[in-house]
Amino acid sequence: MPSVALNSPPPMQTLTFQSRSYLHSAMDAHSSSFSSFSAYLRALSLTPSRLSRRAFSVSTSFDEMTSTRSTSGVHMHRTLRWFDLVGFGLGGMVGAGVFVTTGPAAHQAGPAIVLSYAIAGLCALLSAFCYTEFAVDMPVAGGAFSYLRITFGEFAGFLTGANLIMDYVMSNAAVARSFTQYLGAAIGISTAKWRLVVPGLPKGFDQIDLIAVAVVLIITIIICYSTKQSSVVNMTLTAIHILFIAFLIVFGFWKGDWKNFTEPGDPKNESGFFPHGATGVFKGASLVYLSYIGYDAVSTMAEEVRNPAKDIPVGVSGSVVLVTILYCLMAASMAKLLPYDMIKAEAPLAEAFARWKWVSNVIGGGASFGILTSLLVAMMGQARYMCVIGRSRVVPAWFAEVHPKTSTPLNASAFLGIFTAVIALFVDLDVLLNFVCIGTLFVFYMVANAIIYRRYVVIGSTKPQPTLSFLCSFSLTAIIFTLIWHFVTPGHAKTALLTVTAIVAIVVSLIFNCVVPQTRKPEFWGVPLMPWIPCASIFLNLFLLGSLDGTSYIRFVFFSILVMLVYVLYSVHSSSDAEGDDSLFVKNGEILELQNNSKV
């Protein structure tokens, strides 16, 4: 068998439409779980054995880049460089953060929203390091889904992937609805005139936004056309947007008043830089964390990067650092212009600059550009997640197909674009934000655990118990710290409990680092200071999760139960059927060379 580099796709893996149709037909013929109702009932009777075999079955990096990837037929072209990734990161993150989450977060943190953005940015950077190591080692489009699938098994990957896709759909819908507000501000038309109110529907679901729907559908068409052309569009819009942001920062510091950092607009409200204390700052950080979801979308483009070992670390981590600096400066500029209690939850920047009519109009137009870039990047990310999940057959393989002319996941892009448009049509901003934040934090928490497990455990040659015990005990310590922070009455006792818990977390990490040796060394790029950086990411993600309200947890648990039902009733049977189809792609360890005339 010819050797195949782990970080480059094997040659001659591209399938013609005829070959792909044959393979899918053969799969369907072999796969009997869904061929008839009686066959499905038989499959359900096998659910316990299939769950025991498939739920914790672990894929490998090689499998993900060879036989699993071949399910898509045509390869995505490797056309992106580090500057494309930085552009996608800037476009994906800056477009959403300040324009969507700043308003609700400012009401929680007050002027200290600057620190909220800094904390969220640090948390995102730590998670970005974990993502980068995985993406360099395994440059496929699956992002966190693939990382969890090769580490903790199929079910963990599916639960993570489903949460991420839902996060993307919800956040994209939220950003699209925010576009309507800023566009209205740009041309001087009230948002109420853009939306249709439907009597009888529950509050938060009763305002129909056709503009948001149109924007989502137009961007769907763009991302279906070409990845490289999408990058050109993104770079152009992002360059204009960065100039606009620089203008806002300079203007805000020039015209603002420092007293707004300590004095509210209404004397009845809490005053000071921390009007709601440290709790408000971390609550704000958990809300603005949505602003950083764009770097996750960048990691899904690893399959289309020319030199993953060099381009991905710069593209992912570099964009997070740049965006964090911009966010903090923009938040400080807005806090200087307007007291925190006078900032509107929707279109906060437009309200902060409302005294200058022409500036408010410019903000509306500039924010609209930023929102478009954010949507472009995030919708590319969600489609690539769905594509790779389709490759694993836990959702229909139809989603995995890559179009031979555009080299984009056309089916996944179109389906999720329409789904996003439907959500953006009627669901209000606040409903969307709470759901998205908890899912995002959960996924980043899981990836941080996965990178530690992958460094210290090699399946078949290393006992996983010491590493699993450490991860569980460290997470438990972080949860206890979070509960003490939020529920114990302030005082010396609380300070003592927090100090002891923090010391325990450090000691547990130190013991693990000294006793358990690393069994895997990254070949090209690895997270520095292992395991301290992933541990810090785990701790911060759990702490921010503890800052969310109870309603967010109810929604998250409900959706996770729904995902479990889908896995039990469909996914485990589909992937079990696909187990017998490996011979269609691999025979005696060799990849079948099904070729066509298209360029890989």
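E303 is buried in this predicted model. Its relative accessible area is 0%. That falls under the 20% cut-off, so E303 counts as buried. Its partner is R391, and the two form a salt bridge. The closest N and O atoms of R391 and E303 are 2.9 Å apart. R391 lies in helix α17 (residues 357–391), while E303 lies in the loop between α14 (294–299) and α15, so the pair ties together parts that are 88 residues apart in sequence. R391 is buried too, with a relative accessible area of 4%.

**Salt bridges**

Side chains of opposite charge can pair when their charged atoms come close. How many salt bridges does the count come to? It comes to seven. Three of them are set out here.

| Pair | Closest N to O distance | Relative accessible area |
|---|---|---|
| R391 and E303 | 2.9 Å | R391 4%, E303 0% |
| R81 and D311 | 3.4 Å | R81 30%, D311 2% |

R81 and D311 make another salt bridge, with their closest N and O atoms 3.4 Å apart. R81 is in the loop between α4 (61–65) and α5 (82–94), and D311 is in helix α15 (residues 308–337), so the pair ties together parts that are 230 residues apart in sequence. D311 is buried, at 2%.

**The nonpolar core**

The largest nonpolar core holds 162 residues. Which of them touch the most other members? They are Y131, Y289, Y292, Y295, F353 and I452. Helix α7 (residues 113–137) gives the most to this core, with 16 residues.

Neighbours within four places in sequence are left aside here. Y295 is then in contact with M93, A124, S127, A128, Y131, V316, V320 and F444.

**Helix α21**

Helix α21 covers residues 492–515, 24 residues in all. At 1.5 Å a residue, helix α21 should span 34 Å. The expected span uses one less than the number of residues. The end C-alpha atoms of α21 are 34 Å apart, which agrees. The buried residues of α21 are K494, L498, T501, A505, S509 and F512.

T499 lies in this helix as well. T499 is partly exposed, at 42% relative accessibility. The value is between the 20% and 50% cut-offs, which is why T499 is neither buried nor exposed. What does the side chain of T499 reach? It reaches the backbone oxygen of T495, at 2.8 Å. The C-alpha atoms of T499 and F481 are separated by 9.0 Å, and the two residues are 18 residues apart along the chain.

**Helix α22**

Helix α22 takes in residues 532–545, which is 14 residues. It should span 20 Å at 1.5 Å a residue, and its end C-alpha atoms are 20 Å apart, which agrees. α22 is mostly covered: twelve of its 14 residues are buried. Among them are I533, P534, C535, S537, N541 and L545.

**H573 in helix α23**

H573 is found in helix α23 (residues 550–579). H573 is buried, and its relative accessible area is 0%. A polar atom of the H573 side chain lies 3.5 Å from the backbone oxygen of A43. A43 is also listed among the contacts of H573. With neighbours within four places in sequence left aside, these contacts are S33, F34, A43, L44, T47, R50 and V568.

**Cysteines**

How many disulfides does a search of the whole structure find? The search finds zero. C472 is exposed, with a relative accessible area of 54%. C514 is exposed as well, at 61%. Each value is over the 50% cut-off, so C472 and C514 both count as exposed.

Note on methods
Residues numbered from 1 in each chain as written. Predicted model: local features only at pLDDT ≥ 70, side-chain atom pairs only at ≥ 80, totals over all residues. Heavy atoms only, no water. Helix = DSSP H or I, 4+ residues; strand = E, 2+ residues; numbered from the N terminus. Buried < 20%, exposed > 50% of the residue type's maximum accessible area, 1.4 Å probe, protein only. Polar contact = N/O pair within 3.5 Å; in protein donor to acceptor, adjacent residues only side chain to side chain. Contact = heavy atoms within 4.5 Å. Core = buried A, V, L, I, M, F, W, Y, C linked by side-chain atoms within 4.5 Å. Salt bridge = Lys/Arg side-chain N within 4 Å of Asp/Glu carboxyl O. Disulfide = S-S within 2.5 Å.
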